[in-house]
Amino acid sequence: MDNKLEKVASLCKRRGFIFQGSEIYGGLSGIYDYGPLGTELRHNIKQYFWDKFIGERDDVYGMSAAILMPERVWEASGHTELFTDPLVECKICHERVRADQPEAISDHEAKHKKDKVEWSEAKVFNLLVGSKLGASEATASQVYLRGEITQGVHVNFKNIVDSMHPKLPFGIGQIGKAFRNEITPRDFLFRQREFEQMELQYYIKPDEEKGKAAFEYWKNFALDWYYGLGFKKENLRLRQHAPDERAHYAKDAWDIEYNSSFAGWKEAWGIHHRGDWDLKRHSEYSKVDLSYYDEESKEKYIPWDIECSGGVDRAVLFVLLEAYSEDELGGETRTFLKLNPKIAPVKTAVFPLLKNKPELVAKAKDVYTLLKKEIPQTMFDDNGNIGKRYRRQDEIGTPSCVTVDFQTLEDNTVTVRDRDTGKQERHKIEELDEHFRKMLK
Ligand code: GAP
């Protein structure tokens, strides 16, 4: 792991963001659990996706499909046949790694130091994670934990058309877990076996011009959304896939990439022109007609799908890498997360200047109760001295802290300290909600 990635992973464990899955039993590779602060951060990112892609629009519906789906769905979508990665086996220790990942190959070769690793021929390996459902072996049916959340939307296309009567173009958005038996899970949250996706399937009339315009629109919309998480201009870019890089369902594909500290430009998000691939295949395999009747033109056709597909955990990882900062403040080195206030897990923390002065503690609790009603992600802290409390909040990215001191008891003002500059200002208590409203805009 590179140095910054290691520091972020260590901060995540130390401060209750993210832990190795089932750690006390030795951990499970490519599986992570989110602690209290990580869950808040992830929730804020998902909420921001839901607001912008679904809630604030009148042409997109939200839905939430099941994780388990029958084998037939994945045959129709092409995943049982084509959702594969090339795998090679080390002839010395029999460990298997992805053949198309030079970092995985060189990391493995480094383990054997002087011995020359002889690799087997590359084989294809299917990434779907399967299971059986049913009480007896004879009747149990093969199911798969979804390899992408997408198929839950496509198989419900007719249900949504019949119940909501949308006019094209319209979209269906969803957030949820996906599972892939990745050969080489690596780089902390970057490549996991269980992860979360946030997606939009946007259905349009099949037409080359309309397809191009919708593709351009969603590419830019997704990039703007990503910038809204707080990235520097130069750290994001759009890159088109070469034809041999595209997934089996894509006519055109672009990635939003992040300039990562650990391996240069890495995929954050995919925008795919899926054409009529999914609805057509599900029509064929299910024998249910998934074409759309266009009232205006009196035509019946299978719509095309423009897809925006982002990884929630990758957004969490890239946001943390982008925000991770070290500087000197008051003659001391400090670590802080320069998180956009909108997604910070704690928006503000309220402290009494001294823990052993009951009048300060009581007043600080009053201010905390007042703020908590307006801003649920508010925290109270009276542990250790004030300097340590500021450092702890800086490390978890709290944008602004409120301290109740002796002057507060006289004039109802508090100090408000800014995370990035360390500067403190006095504010009237009754003006605090206005201050935070502005900060969160
Ligand atoms: N429905 C389209 C689809 O799933 P994808 O490019 O395979 O496309 C979309 O995945 C996004 O999901 C990626 O851009 C990435 O952010 C995230 N993702 C994919 N595989 C992942 C993994 N193993 N671990 C974490 N995130 C992953």
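Is Ser22 buried, partly exposed or exposed? At 43% relative accessibility, Ser22 counts as partly exposed, where buried means under 20% relative accessible area, exposed over 50%, and partly exposed in between (1.4 Å probe, protein chains only). The model is predicted, so local features need pLDDT of at least 70 and side-chain atom pairs count only at pLDDT 80 or more, while totals for chains, interfaces and linings use all residues. Residues are numbered from 1 along each chain as its sequence is written, and side-chain values use heavy atoms, with hydrogens and water left out.

Ser22 lies in the loop between β1 (18–20) and β2 (32–34); helices (H or I, at least four residues) and strands (E, at least two) are DSSP runs, numbered from the N terminus. Phi of Ser22 is near 50°, a positive value in a residue other than glycine. Asp187 is another residue other than glycine with a positive phi, near 60°. The loop that holds Asp187 runs between β10 and β11 (194–204). Asp187 is buried, at a relative accessible area of 12%. The loop between α7 (157–164) and β10 (170–179) contains Pro169. The peptide bond from Leu168 to Pro169 is cis, and its omega is near -5°.

The next part concerns β5 and its partners. Strand β5 (84–89) pairs with β7 (residues 123–126) in the antiparallel sense over four bridges; two strands pair if DSSP finds at least two bridges between them. Within this pairing, Val124 in β7 is the bridge partner of Pro86. With β6, β5 pairs in the antiparallel sense over three bridges, and Glu89 stands opposite Arg96 in β6. β5 and β6 form a hairpin with six residues between them. His94, in the turn of that hairpin, has a positive phi of about 70°.

Helix α5 (residues 102–111) has Ala104, Ile105 and His108 as buried residues. Seen down the axis of α5, its buried residues fall within an arc of 100°, so they line one face of the helix; the arc is that of the directions from the helix axis to the C-beta atoms. An α-helix has 3.6 residues a turn, so residues three or four places apart point the same way. The buried residues of α5 pack against β5 and β6 (96–98). On the face of α5 turned away from its buried side are the exposed residues Pro102 and Ala110. Just after α5 comes Lys113, which takes a positive phi of about 45°.

A second hairpin is made by β18 and β19, with two residues between them. Strand β18 (residues 324–329) and strand β19 (residues 332–337) run antiparallel and are joined by six bridges. Leu329 stands opposite Glu332 in β19, and Gly330 in the turn has a positive phi of about 55°.

Glu395 lies in helix α12 (residues 386–396) and counts as buried at 13% relative accessibility. Leaving aside its neighbours within four places in sequence, Glu395 is in contact with residues including Thr335, Phe336 and Leu337, where contact means heavy atoms within 4.5 Å. Other contacts of Glu395 include Leu11, Arg14 and Arg15. The side chains of Glu395 and Arg14 make a polar contact (2.3 Å). A polar contact is a pair of N or O atoms within 3.5 Å; within protein, one must be able to donate a hydrogen and the other to accept it, and residues adjacent in sequence count only if both atoms are side-chain atoms.

Ile54, in helix α2 (residues 36–55), is buried at a relative accessible area of 6%. Leaving aside its neighbours within four places in sequence, Ile54 has contacts that include Val60, Tyr61, Gly173 and Gln174.

The last stop is the ligand. Of the 22 residues around the ligand, Glu148, Thr150, Glu199, Glu267 and Glu307 come nearest; a residue is near a molecule if one of its heavy atoms lies within 4 Å of it. A polar side-chain atom of Glu307 lies 2.8 Å from a nitrogen atom of the ligand. A backbone N or O atom of Gln192 also lies 2.8 Å from a nitrogen atom of the ligand. A polar backbone atom of Gly311 is 2.9 Å from an oxygen atom of the ligand. On its own the ligand has 560 Å² of accessible area, of which the protein covers 94%; accessible areas come from the Shrake-Rupley method with a 1.4 Å probe, and for residues only the protein chains shown count as cover.
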